[in-house]
Amino acid sequence: MTKFRLAVIAAAFLLLIGLAAVNWYNSLHPRANGVVSQVDPNGRQIGGAFQLVDQDGKPVDDSLLKGKWTAVFFGYTYCPDVCPLTLQSLARTKAAMGDKADRLQIVFITVDPERDTPANLKAYLASGGFPKGVIGLTGTREQVEKAEKAYGTVASKVGEGDTYTYNHTSLVYLMNPQGQFSGPLMRDLTPEQSAKQIEDAMRGR
């Protein structure tokens with residue numbers, strides 16, 4: 001086989017990979033007549049009903065998402081890196097949004113309800129560097145797993161005893177004021193890029 005033919009095959013292969021990536025991205029948030037799809041690449045709806053309690057012990061459900069844009073993030077207070085870094089990034093994102101920041105609320109749902117009691121969530125979210133006004137949610141193991149399933153979040157426990165950790169989905173879900181999935185906020189975006197994505201979504205772009 002000639003070098004030319006090998007180059008053509010390699011180029012075609014890279015093109016197919018690129019098209020697959022584009023299709024995956026578009027499947028997360030394709031727009032049709034200004035409406036954003038609520039399904040992930042596997043055809044599952046993202047978002048749905050949940051019943052949890054906030055950091056003040058108050059029962060809440062998915063109606064919490066109605067009326068405001070919401071960044072929903074799953075994590076846990078004992079998380080050593082991804083969770084605090086994501087919350088800090090969301091704080092910078094809100095700062096970059098200027099006077100539009102009050103249109104966005106942040107909801108942090110624990111994947112570790114055994115340790116993340118309302119009181120622990122409240123103390124954690126009051127830490128310096130985190131966004132002000134974050135709504136922390138916890139509940140029974142069954143309630144939390146129902147919320148995870150609704151969002152397609154995966155969380156697996158690693159280790160035993162008091163020092164266990166979780167491997168979990170680190171995606172931030174941007175939900176519109178109707179409580180519908182608008183699109184993902186990827187970890188590799190800068191706060192300024194995330195702010196622009198949110199503001200574009202608010203304008204219906």
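Colleague: What makes one face of strand 9 covered and which residues lie on the other?
Modeller: The model is a predicted one. In strand 9, residues 165-168, Tyr-166 and His-168 form the covered face. Thr-165 and Asn-167 form the uncovered one. In a regular strand, side chains alternate between the two faces of the sheet.

Colleague: How do you know that strand 8 and strand 9 pair?
Modeller: Pairing needs at least two bridges. Strand 8, residues 155-158, is joined to strand 9 by four, so the two count as paired. They run antiparallel. One contribution comes from Val-158, whose bridge partner in strand 9 is Thr-165.

Colleague: What lies between the strands of that hairpin?
Modeller: Six residues separate strand 8 from strand 9 there. In this hairpin, Gly-159 has a positive phi near 95°.

Colleague: Why is Lys-157 called partly exposed?
Modeller: Its relative accessibility is 46%. Lys-157 belongs to strand 8.

Colleague: Which residues is Lys-157 in contact with, leaving aside neighbours within four places in sequence?
Modeller: Tyr-164, Thr-165 and Tyr-166. Contact here means heavy atoms within 4.5 Å.

Colleague: Why is Glu-148 called buried?
Modeller: The cut-off for buried is under 20% relative accessible area. Glu-148 has 8%, so it is buried. Glu-148 sits in helix 4, residues 141-151.

Colleague: What is in contact with Glu-148, beyond four places in sequence?
Modeller: Phe-74, Val-111, Arg-141, Thr-153 and Ala-155. Gly-48 is 100 residues from Glu-148 along the chain, yet their C-alpha atoms are separated by 9.9 Å.

Colleague: How do you know that strand 5 and strand 6 pair?
Modeller: The same test applies: at least two bridges. Strand 5 (residues 69-75) and strand 6 (residues 104-110) share seven, so they pair. These two run parallel. Phe-74, for one, has Ile-109 as its bridge partner in strand 6.

Colleague: What is the order of strands in the open sheet?
Modeller: It is 4-3-7-6-5-10-11, seven strands with mixed pairing.

Colleague: What makes strand 4 and strand 11 edges?
Modeller: Strand 4 (59-61) and strand 11 (181-185) each have a single partner strand, so one side of each lacks a neighbour in the sheet. On average, neighbouring strands of this sheet are turned by 35° against each other, direction ignored.

Colleague: How do you know that helix 5 packs on the sheet?
Modeller: Helix 5 touches strand 5, strand 6, strand 10 (172-175) and strand 11. The direction of helix 5 makes about 170° with that of strand 11.

Colleague: What is the volume of the largest pocket, and which residues are closest to its centre?
Modeller: The volume is about 220 Å³. Of 15 lining residues, Thr-86, Ser-89, Met-186, Arg-187 and Leu-189 are closest to the centre.

Colleague: Which helix gives the most to that lining?
Modeller: Helix 2, with seven residues. Helix 2 (82-96) and helix 5 (191-202) each supply at least two. By class, the lining has eight nonpolar, five polar and two charged residues.

Colleague: How many helices and strands does the protein have?
Modeller: Five helices and 11 strands. Of its 205 residues, 42% are buried. Among contacts between residues at least 6 apart in sequence, 68% join residues at least 24 apart.

Terms used. Residues numbered from 1 in each chain as written. Predicted model: local features only at pLDDT ≥ 70, side-chain atom pairs only at ≥ 80, totals over all residues. Heavy atoms only, no water. Buried < 20%, exposed > 50% of the residue type's maximum accessible area, 1.4 Å probe, protein only. 1 Å grid on protein atoms, 1.4 Å probe; cavity = no way out; pocket = protein on both sides within 12 Å on 5 of 7 lines; lining within 4 Å. Points joined across faces, edges and corners; volume = space filled by probe spheres on them. Nonpolar A, V, L, I, M, F, W, Y, C, P; charged D, E, K, R; others polar. Axes fitted to C-alpha atoms, helices over the stretch in contact; angles between N-to-C directions.
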